[in-house]
Amino acid sequence: MSRIGTAPITLPDGVSIDISKGNLVTVKGGKGELTQQVDPDLKIEIEEGELKVTRPTDQQRHRAMHGLYRSLIANMVEGVSNGYKKELELIGVGYRCSNTGQLLELSLGYSHPIMFAIPEEVKLSTLSEKGSSPTIILESIDKQLIGQVAAKIRAFRKPEPYKGKGVRFKGEEIRRKQGKTAG
């Protein structure tokens with residue numbers, strides 16, 4: 001029995017869900033609207049402000065889809081009601097970031113600046129204060145999209161284990177290695 005799949009999703013005030021033919025789920029809220037195509041075998045019911053996802057059989061495939069689609073719908077409900085936010089820090093001497101609209105410009109120690117276009121669904125802002133490391137702030141209603149964009153930005157210069165330099169998520173712990181020792 002899927003523990004995640006059986007948990008009901010509580011719908012906050014101001015969030016409405018529409019289930020059309022072919023199990024296309026549309027979630028509307030104060031921050032926007034998201035849609036997700038759900039496997040046609042699964043059954044979605046709304047009762048008294050709670051949404052429940054049920055599966056027809058105990059087959060391996062149905063058990064896997066049960067928890068997956070329940071989580072995806074819960075993330076959509078959370079996104080349209082509260083939204084998601086990710087912060088990335090640039091740790092290193094001379095590392096800088098700035099943005100012009102949805103175009104992010106990064107200086108990460110390479111011979112050239114990196115220009116990265118952010119999708120329109122993600123709101124971008126940068127902070128560069130004296131005495132603290134430059135910060136990139138991403139906000140969106142789509143959890144999958146914001147995670148993918150943050151991972152791409154982090155991949156430009158992953159944190160290295162010796163000095164800890166690179167792009168990291170705010171609060172991320174980097175396992176440090178001891179360097180060479182004099183012999």
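1. Glu48 lies in the loop between strand E5 (43–47) and strand E6 (50–54); helices (H or I, at least four residues) and strands (E, at least two) are DSSP runs numbered from the N terminus. Glu48 counts as exposed because its relative accessibility is 85%, where exposed means over 50% relative accessible area, buried under 20% and partly exposed in between (1.4 Å probe, protein chains only). Phi of Glu48 is near 50 degrees, a positive value in a residue other than glycine. Most residues other than glycine have a negative phi.

2. The model is predicted: local features need pLDDT of at least 70, side-chain atom pairs count only at pLDDT 80 or more, and totals for chains, interfaces and linings use all residues. Residues are numbered from 1 along each chain as its sequence is written, and side-chain values use heavy atoms, with hydrogens and water left out.

3. Asn23 also has a positive phi, near 60 degrees, and is not a glycine. This residue is placed in the loop between strand E2 (16–20) and strand E3 (24–28). Is Asn23 buried or exposed? With a relative accessible area of 13%, Asn23 is buried.

4. Gln37 belongs to strand E4 and is partly exposed, at a relative accessible area of 42%. Beyond its neighbours within four places in sequence, Gln37 is in contact with Gly22, Asn23, Leu24 and Tyr69, contact meaning heavy atoms within 4.5 Å. The side chain of Gln37 reaches the backbone oxygen of Gly22 at 2.3 Å. The C-alpha atoms of Gln37 and Ile73 are separated by 10 Å, although these residues are 36 residues apart along the chain.

5. Glu33 is also found in strand E4, which covers residues 33–37. Its relative accessibility of 46% is the reason why Glu33 counts as partly exposed. Neighbours within four places in sequence set aside, the contacts of Glu33 are Thr26, Val27, Lys28, Val80 and Ile141.

6. Which residues line the largest pocket? They are Leu34, Thr35, Gln36, Leu72, Asn75, Met76, Ile141, Asp142, Lys143 and Gln144. Two or more lining residues come from each of E4, helix H2 (60–81) and helix H3 (143–155). The volume of this pocket is about 170 Å³. On a 1 Å grid over the protein atoms alone, a pocket is an open set of points where a 1.4 Å probe fits, with protein on both sides within 12 Å along at least five of seven lines, and lining residues have an atom within 4 Å of a point. Grid points are joined across faces, edges and corners, and the volume is the space filled by probe spheres set on the points.

7. Arg154 is a residue of helix H3 and counts as buried, at 18% relative accessibility. Its side chain makes a polar contact with the side chain of Glu172 at 2.8 Å. A polar contact is a pair of N or O atoms within 3.5 Å; within protein, one must be able to donate a hydrogen and the other to accept it, and residues adjacent in sequence count only if both atoms are side-chain atoms.

8. The secondary structure of the chain comes to 3 helices and 13 strands. The radius of gyration is 21 Å, well over the 16 Å that the globule rule gives for 183 residues, so the chain is more spread out than a compact globule. This radius is taken over C-alpha atoms, and the rule is 2.2 Å times the number of residues to the power 0.38.
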